[in-house]
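Here are a few notes to read alongside the model. They start with aromatic rings and then turn to one helix.

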Amino acid sequence: MKNIIGSLALALVVLAGCKVSKDVATPKDAQPEAFRNAVTTGDTSSIADLQWKNFFTDAALQKLIDSAIERNYDMQVAVKNIEAAQLQFKQVKWNYAPTLGLNVTASTNRPSDNSINGLSIKQYGIGTKHIEDYNANLSLSWEADIWGKIRSQNREALAQYLQTNEAKRAIQTNIVSSVSQGYYNLLMLDEQLNIAKKNVKLNDSTLRIIKLQYDAGQVTLLGVQQAQAQLEAAAQLVPQFERDINVQENGLSILAGRLPNAIERNVTLNDISFPETLSTGVPSAMVSRRPDVRSSELALNIANARVGIAKAQLYPSLTITGQGGLNSFKSSNWFNIPASLFGTVAGGIAQPLLQHKQLRTQYEVAKVDREKTVIQFRQSVLNAVGEVSDALVRLQKLKEQQAIAANRVKTLQQATSNASMLFKNGLATYLEVITAQGNVLQGELELASIKMAQLSANAELYRSLGGGWK
């Protein structure tokens, strides 16, 4: 027995260092050197390195995001997934440990008188026609990790656990982005509601003047009707914006994990601002920071581990077993120590033969799946880089739009004021006044929409760079 154990130990020493499968590394050429549309400043830092509270500085918004991170149900499910994966990972660590079992059995058997056992009972004069057997033992089985199968299983479990962490981070980045963009949309609706109410008062003032002129015979009834229609067009926007505000508040409340209710805000749309230039850093840093890309990278680790497991299945497995305990054919002698003690130790090498084709196919499929994972990683990087470039160009063009829209609104406001003054002095028609007021209403509403889009684009750039989970 000592020779057997020694031979097995020698085999372990020789084979323990074997690695049957070579890992595929994460592609380093998947990302460009710089983002398209990024302003080159030489600064390698990124806004995504900032904690979200340092990026979104409005107190009411911070409170809302805090609530969403803590109470959002998707977030809570992600935390539970992490807990489950952590338990699985801890369990896999025990794969290196031997399997230990306790067996206690008692049996009785009445053999045929013409059987070997029956004849033996008669020959030895046991005095009974029953064979009894009482056994209590500990059995141990241990498979040597020669080809790295258990190591690969551990690597797979670790990567899966880390993936659940990345999933939680991805949910948080989306929550931070969604809540901030919803909050900015709410501020825009507040601004548009104020614009509509202000325009209603302006149109009401114009209508009163036109009615006075109608009473004086200076304008026809058509003028009164058109002014009235203009007033009602502005007035119908008020309940529309009030409805949209309530719907947006409900959506934000649900994101924050609470029943629909009013959302606190102590600032206006024009009070929120971001720096003119936001640093994006380099794409390679984004790859290591974005949860979805990191998850794709971990998926490659999992695929590498599965290839290693499948390859190890093709090779012989070395198993050492042992058993020891108490055995007796009489219950009265069952625990008679040391007479009832027994023990066995065995070692065996098993090589799959008939299953070789099936195992080979599983190995080849695992390699194909790994190739697919590499492609999916490249796609995730491509999507991420595209999202950053989209956010950058959106910010640039919205800035240009905002400047043009602001000048247009300023011109329209001056035109409305001049039209009203000229109309009062009989130098302009009521149609010119109504047209000017309608134009300024649309111009101010569009300007508020552009301002909101700028804030949302900043939030989207922050998310696309991988910010929001810190």
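1. First, a term: rings of Phe, Tyr and Trp (its six-membered ring) pair if their centres lie within 6.5 Å, and planes under 30 degrees apart count as stacked, over 60 as edge-to-face and the rest as tilted. By that rule the structure holds 7 aromatic pairs.

2. A word on provenance. This is a predicted model, where local features need pLDDT of at least 70 and side-chain atom pairs count only at pLDDT 80 or more, while totals for chains, interfaces and linings use all residues. Numbering runs from 1 along each chain as its sequence is written, and side-chain values use heavy atoms, with hydrogens and water left out.

3. Take F55 and Y462: their ring centres are 4.2 Å apart with planes at 5°, so they are stacked. F55 sits in helix α2 (residues 52-55) and Y462 in helix α12 (residues 430-464), so this pair ties together parts 407 residues apart in sequence. (Helices are DSSP runs of H or I, at least four residues, numbered from the N terminus.) Both F55 and Y462 are buried, meaning under 20% relative accessible area with a 1.4 Å probe, protein chains only.

4. Y462 also pairs with F56: centres 5.6 Å apart and planes at 85°, so edge-to-face. F56, in the loop between α2 and α3 (59-71), is 406 residues from Y462, and F56 is buried too. Which residues form one aromatic cluster? They are F55, F56, Y183, Y184, F274 and Y462.

5. Now α12 itself: 26 of its 35 residues are buried, so to speak mostly covered. Just after α12, G466 has a positive phi of about 100°.

Technical notes:
Helix = DSSP H or I, 4+ residues; strand = E, 2+ residues; numbered from the N terminus. Buried < 20%, exposed > 50% of the residue type's maximum accessible area, 1.4 Å probe, protein only.
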